[in-house]
Amino acid sequence: MTSPHNPACFQNHMGLMAVESRFLRGALDAIRSGLWQPRAMEDWDVGPSSPPPPPYAIQGEATAVVRVTGPMAKSAGKYAQTGTAAVRRALRAAVADPKVASVLLVLDSPGGYVAGTQDLADDVAAANEVKPVVAYCEDLCCSAAYWVASAASKVYANASAEVGSIGVFMVVYDTSKAAELEGVKAHLVTTGPLKGAGADGVPVTDEHLAAWQTEVDAVMEAFGGTVRKGRGMSAAQLSKVATGGIWTAKEAKDLGLIDGVKPLDAVLAAMPKGRRSRAQAADLGIRLAQA
């Protein structure tokens, strides 16, 4: 059995990610040292008997505040702090709530799993059809977190925020030479040329790399498409910011990634206050559920 502290094992468990690389390095170091242990599943995705946490808080004048904090995954638990499926439910509940006039999505996250991110971004964009959704980058809004934020009608950040890390990457280890030096030869018994690619001790071929590059490019196409549509960018403008680089709030504003640099209280005070009818909210809730 492969050790759970083995980097390749951890990478395979996590799957494809859109995450700021400094966070990932720190997380791997913490797991290797035993400081960061998997935790029990505690998100209300796990079963009907689990009581749901409050999906959002109403603040200011009828603004639902929904938070995305820490690394992102489709379901919370394990190594993730925020489950995007739960955020989607909170967003839909806020849209259907006649007491809610607008939604403020507060993100403080390095990003995380690709799985579930596009679904959440699509829900953010759809919710704007009925109630304004504004994203606020609180200190850190990178990779998958910015993917989601870019779908909002407006994006703001506090002065110390770091924004960006637009891009996708995958790290693959070819351990075949190390195995050879130890006198070990790995035999891959497989049903296809790509099944088992990247297994410990098995050479990584050009065909493997090409397949992984195609996968990464496909995710980036979806990521970039959301940013371009949400931020009204041209292909050239997207190319300028889709370098994987991270920018200060001021730089992000100049690059068109955010609309302004403001304290959270100021953004909350300026949130739209006009309400939609119960029928309109219910109609969007139905369409979101069918999406």
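Visitor: Are Trp147 and Phe223 buried or exposed?
Guide: Both Trp147 and Phe223 are buried, a term for a relative accessible area under 20%, with exposed meaning over 50% and partly exposed lying in between (1.4 Å probe, protein chains only). This is a predicted model, in which local features need pLDDT of at least 70 and side-chain atom pairs count only at pLDDT 80 or more, while totals for chains, interfaces and linings use all residues. Residues are numbered from 1 along each chain as its sequence is written, and side-chain values use heavy atoms, with hydrogens and water left out.

Visitor: Why is the pair of Trp147 and Phe223 called stacked?
Guide: Rings of Phe, Tyr and Trp (its six-membered ring) pair if their centres lie within 6.5 Å, and planes under 30 degrees apart count as stacked, over 60 as edge-to-face and the rest as tilted. By this rule there is 1 aromatic pair. Trp147 and Phe223 lie 4.7 Å apart centre to centre with 5° between the planes, so the pair is stacked.

Visitor: What makes this pair a tie between parts of the chain?
Guide: Trp147 belongs to helix H5 (residues 144–149) and Phe223 to helix H7 (residues 206–231), so the pair ties together parts that are 76 residues apart in sequence. Helices (H or I, at least four residues) and strands (E, at least two) are DSSP runs, numbered from the N terminus.

Visitor: Why is Arg88 with Asp119 called a salt bridge?
Guide: The term requires a side-chain nitrogen of Lys or Arg within 4 Å of a carboxyl oxygen of Asp or Glu. The closest N and O atoms of Arg88 and Asp119 are 3.9 Å apart, so the pair qualifies. Arg88 lies in helix H3 (residues 84–96) and Asp119 in helix H4 (residues 117–127), so parts 31 residues apart in sequence are tied together.

Visitor: How do you know that Asp123 also forms a salt bridge with Arg88?
Guide: Their closest N and O atoms are 3.1 Å apart, so this pair meets the rule as well. Arg88, Arg92, Asp119 and Asp123 are linked in a network of salt bridges.

Visitor: What makes Asp119 partly exposed and Asp123 buried?
Guide: Asp119 has a relative accessible area of 34%, so it falls in the partly exposed range. Asp123, at 3%, is therefore buried.

Visitor: Why is H3 called roughly parallel to H4?
Guide: The axes of H3 and H4 come within 9 Å and cross at roughly 10°. Axes are lines fitted to C-alpha atoms, for helices over the stretch in contact, and angles run from 0 to 180 degrees between N-to-C directions. Angles under 35 degrees count as roughly parallel, over 145 as roughly antiparallel, 65 to 115 as roughly perpendicular and the rest as oblique, so H3 is roughly parallel to H4.

Visitor: Which residues of H3 and H4 meet?
Guide: Contact means heavy atoms within 4.5 Å. Thr84, Val87, Arg88, Leu91, Arg92 and Val95 in H3 meet Asp119, Leu120, Asp123, Val124 and Ala127 in H4.

Visitor: Why is Ala64 called buried?
Guide: Ala64 has 0% relative accessibility, so it counts as buried. Ala64 sits in strand E3 (residues 63–69). Residues up to four places away in sequence aside, Ala64 touches several residues, among them Tyr56, Ile58, Ala94 and Leu104. The C-alpha atoms of Ala64 and Ala94 are 6.3 Å apart, although 30 residues separate them along the chain.
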